[in-house]
Amino acid sequence: MNTPLSWIKAYVPELNCTEQEYMDAMTMSGTKVEGYEKFDENLDKIIVGKIEKIEKHPDADKLVVCQVAISEEGETVQIVTGAPNVKEGQKVPVVLDGGRVAGGHDGKKAEGGIKIKKGKLRGVASNGMMCSIEELGSSKDYYPDAAEDGIYILSDNPEYEKAPVGSDAIELLGLCDANFEYEVTSNRVDCFGVLGIAREAAATFRKPFVPPVIKEVGNSEKTEDYISVEIQAPELCSRYVARVVKNIKIAPSPEWMQRRLAASGIRPINNIVDITNYVMEEYAQPMHAYDLDTIAGHKIVVKRAEDGEKFQTLDGQERELDSSVLMICDGEKSVGLAGIMGGENSKITDDVKTMLFEAACFDGTNIRLSGKKVGMRTDAQAKFEKGLDPNNTMEAMNRACQLIEELGAGEVVGGCVDVYPEKKEPITVSYDVERINALLGIQVSEDEMCDYWDKVELTPDKEKKCVYVPTWRQDILCLADLAEEVARFYGYDKIPTTLPSGEATQGGLSYQTTIQNIARNVVEQFGFSEGMTYSFESPKVFDKLLLPSDSELRKCIEISNPLGVDYSVMRTSPVNGMLTSLATNYNHRNKDVRLYELANIYLPKALPLTELPEEKMQLTLGMYGKGDFFEMKGCVEAIFEKLGIDGIRTYQPEDSRTYLHPGRRADIIMDNETIGYLGEVHPEVADNYNIGTKAYIAVLDIEKLAKRASFDVKYKGVAKFPAVTRDISLVMKKSVLAGQVEEIIRENGGRLLETYHLFDIYEGENVGADEKSLAYSIRFRAADRTLEDKDVTAVMNKILTKMETLGVSLRQ
């Protein structure tokens, strides 16, 4: 946003500072100034001169010799010029010998300016130069009455014709000014208008803020008799104000208005258009004017566009719309893109007689999206996008109508049409002086804080300890926001450097992370290295894993914007990632590879998604080379032991895991719940992944392990009585599982059973072809006495008798 300092001073008349002081102070108080450009930079010794006499140059057809008065006492200097528009009696800007201008007649500024020295032109002395507006560093945008080719004639402008000869021409032209560029944050919508910046400047420099006095003007007629307004999309238009102006007189706007608009980057057009732009810059409230005679039925309807509707905007371009775009319509057709640009069919022309003025508050997000959709970007759109204050709309409308009458641009019809379905009310924010001081690290009294708030029109109530926040301060929502207001006017540079106060808290890892780290340490001790795989997979992996068509694992979440088909779904199983990593290592001829991964799988609760999926952390182990099923099982058992999971675990064959070898796979069951599984990879699956050797995987559910983990270590004294150990070798069918045998030992061992473990498995000679031999070492101990042989024999007989029900017998 660009604003000349003179416009700010119009509302802060006591402001007196240099450009650099203004820039530094405003930036420190929170209104960041990016930089400034001085209009009078490199302009020196330029006064008002009067051409007394003009003679032809004796040696040049295109040059003339002028005698120019440079003081009221009649002092003159001789100046030679080639300007075609000079006449005797004219007052012109004159740069004297030793003075400086900003640039040349072509409008290009010279670095450091151009110094003017007396000299001779074709043999005739010239002691200065008469200046064009471009040589003064300006342009016709700021001074539209300037000649296209020639010097600037001051006396042709009624504002300057009575200027004293010899007076400062730079001050006369209003060039003792600077244009400032601000970086306004999107939450300070009020500062997108000059009044908001001026209010901040007044508070920063502790000067009175004098906003324009707005009077509601209008004749005895009623606007309701000219126009009606209906809002059919109140969610996109919170307020719409309409007024009517008749007997329009199109003319150029005054120079002061044109200069302010030009400094803001807006090209002056005519009084009506310039007034709407001026109020937009002053109040940050965009406005629009329609030719009322083009409004069918004298009715305005604010509604959504029709899908596929085509509309021609003021720039002559035809736009295709859809129902997300908000339109301003009359009784028959669309007449404007709400908040963006008016239509060609209702534009103001030189023949306009009666005009409809619009000031509204539209939804910022919708305006931004609509602008992108139709490929447009306008000044009005840029302001609406920030989310304007609907309570500012009427004030801006009254200001525009007041300017209409002051500039004689038309006759304002009395009253207005104001459609405001749900009024926005100010809010209150409580404050606590001690908390604000503690937050900022300063000591400011309540009176001082209230004074800071008052300066920016935040009204404090000391009794209720709250501040009434006007609706145009959308950034004030909590105590921290009030503290910020105190800080920026107290002075950020005055806040002392202090150390943080409070008690230090001891850091630590979460319980879930602790479980993961323990599991990670165990598997790394077994020689496993950590890997990481993508959470995104291809749906083709389900076929590679031989999953049946009705498998729950095929119910996966599809990515709406995938990088490609190979990364188009979220994984429901960690097996594919592990097998892919093992295959990569195998194909690179790496031997004896052991990998592990701690990562989530994503299980949708319903498809299509209605809520976030369930994320389960899985520990996945994979290996090939040295090692087998039992070594993988040993690693899993070591994890259980380290986590303190002491309950009874069983390993049961499971037919549903089609990617594992039918005879070498098992689910790990605890408390009738599956907490993991392990096994050898199915040969066909291994072929699908180009793994040419036996591979083994194990998967553990970290969440289920965490629920069962225990780190309570209890001391148990050394046994006072000796143990009795019995080793037995059992023969059974191969179909009998070791887990079934161990279950019988546990259930029948009674209180004397201390431990048991399998120490040998045999298949071969001396046992049947369909049989196997398992050898167990079983230890018994009593806590209160030394066991006798009969005690142990009785228990062993009970165990062996129960074994017979499974067809298990002692090996002879």
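Me: Which residue just after H5 takes a positive phi, and what is the value?
Reply: This is a predicted model. The residue sits just after H5 and is Gly265. Its phi is positive, at about 90 degrees.

Me: How many of the residues of H5 are buried?
Reply: Among the buried residues of H5 are Glu255, Arg259 and Arg260, along with Met257 and Leu261. Gln258, Ala262 and Ala263 are buried as well. H5 is therefore largely enclosed by the rest of the structure, and the count is 8 of the 9 residues.

Me: Which elements do the buried residues of H5 pack against?
Reply: Two strands take part, S1 (2-4) and S11 (178-183). The helices are H1 (5-11), H6 (271-283) and H9.

Me: Where does Asn398 lie, and is the residue buried or exposed?
Reply: Asn398 belongs to helix H9, residues 393-406. The cut-off for buried is under 20% relative accessible area. Asn398 has 9%, so the residue is buried.

Me: Which residues does Asn398 touch, not counting residues up to four places away in sequence?
Reply: Residues up to four places away in sequence are set aside here. What remains for Asn398 is Ile214, Lys215, Glu216 and Arg243.

Me: Where is Asn247, and what is its phi?
Reply: Asn247 is in the loop between strand S13 (237-246) and helix H5 (255-263). Most residues other than glycine have a negative phi. Asn247 is not a glycine, yet its phi is positive, near 55 degrees.

Me: What is the relative accessible area of Asn247?
Reply: Partly exposed covers the range between the buried limit of 20% and the exposed limit of 50%. Asn247 counts as partly exposed, with a value of 45%.

Me: What phi does His298 have, and in which loop does it lie?
Reply: His298 is not a glycine, but its phi is positive, about 45 degrees. At 34% relative accessibility, His298 is partly exposed. Its loop runs between strand S14 (287-291) and strand S15 (299-304).

Me: Which peptide bond is cis, with omega about -5 degrees?
Reply: Most peptide bonds are trans. Here omega is about -5 degrees, and the bond is cis. Pro608, one of its two residues, lies in the loop between strand S30 (593-603) and strand S31 (614-624). The bond joins Leu607 and Pro608.

Me: How far apart in space are Ser656 and Leu547?
Reply: Ser656 is in the loop between strand S32 (650-652) and strand S33 (660-670). Ser656 is partly exposed, at 45% relative accessibility. In sequence, Ser656 and Leu547 are 109 residues apart. In space, C-alpha to C-alpha, they are 8.7 Å apart.

Me: At what angle do H2 and H4 cross?
Reply: Two packed helices are described by the angle between their axes and the distance between the axes. The axes of H2 (residues 19-28) and H4 (residues 194-205) come within 10 Å. The two helices are roughly perpendicular to each other. The crossing angle is roughly 95 degrees.

Me: Which residues of H4 meet H2, and what classes make up the contact?
Reply: H2 brings Glu21, Tyr22, Ala25 and Met26. H4 answers with Ile197, Glu200, Ala201, Thr204 and Phe205. By class, the contact has 6 nonpolar, 1 polar and 2 charged residues.

Me: At what angle do H10 and H11 pack, and which residues make the contact?
Reply: The axes of H10 (residues 433-440) and H11 (residues 446-455) are 10 Å apart, at an angle of about 80 degrees. H10 supplies Val433, Ile436 and Asn437. H11 supplies Glu446, Met449 and Trp453.

Me: How do the residues of the contact of H10 with H11 divide by class?
Reply: One residue of the contact is polar and one is charged. The nonpolar residues number 4.

Me: What is the radius of gyration of the protein?
Reply: The protein has 20 helices and 39 strands. For 812 residues the globule rule gives 28 Å. The protein is well over that, so it is more spread out than a compact globule, with a radius of gyration of 45 Å.

Me: What are the spans of the C-alpha trace along its principal axes?
Reply: The spans are taken along the principal axes of the C-alpha trace. They come to about 145 × 70 × 60 Å.

Me: What share of the residues of the protein counts as buried?
Reply: The accessible surface comes to about 40600 Å², and 47% of this belongs to carbon and sulfur atoms. Of the 812 residues, the buried share is 49%.

Note on methods. Residues are numbered from 1 along each chain as its sequence is written. This is a predicted model: local features need pLDDT of at least 70, side-chain atom pairs count only at pLDDT 80 or more; totals for chains, interfaces and linings use all residues. Side-chain values use heavy atoms; hydrogens and water are left out. Axes are lines fitted to C-alpha atoms, for helices over the stretch in contact, and angles run from 0 to 180 degrees between N-to-C directions. Helices (H or I, at least four residues) and strands (E, at least two) are DSSP runs, numbered from the N terminus. Angles under 35 degrees count as roughly parallel, over 145 as roughly antiparallel, 65 to 115 as roughly perpendicular and the rest as oblique. Contact means heavy atoms within 4.5 Å. Ala, Val, Leu, Ile, Met, Phe, Trp, Tyr, Cys and Pro count as nonpolar, Asp, Glu, Lys and Arg as charged, and the others, Gly among them, as polar. The radius of gyration is taken over C-alpha atoms; the globule rule is 2.2 Å times the number of residues to the power 0.38. Buried means under 20% relative accessible area, exposed over 50%, partly exposed in between (1.4 Å probe, protein chains only). Accessible areas come from the Shrake-Rupley method with a 1.4 Å probe; for residues, only the protein chains shown count as cover.
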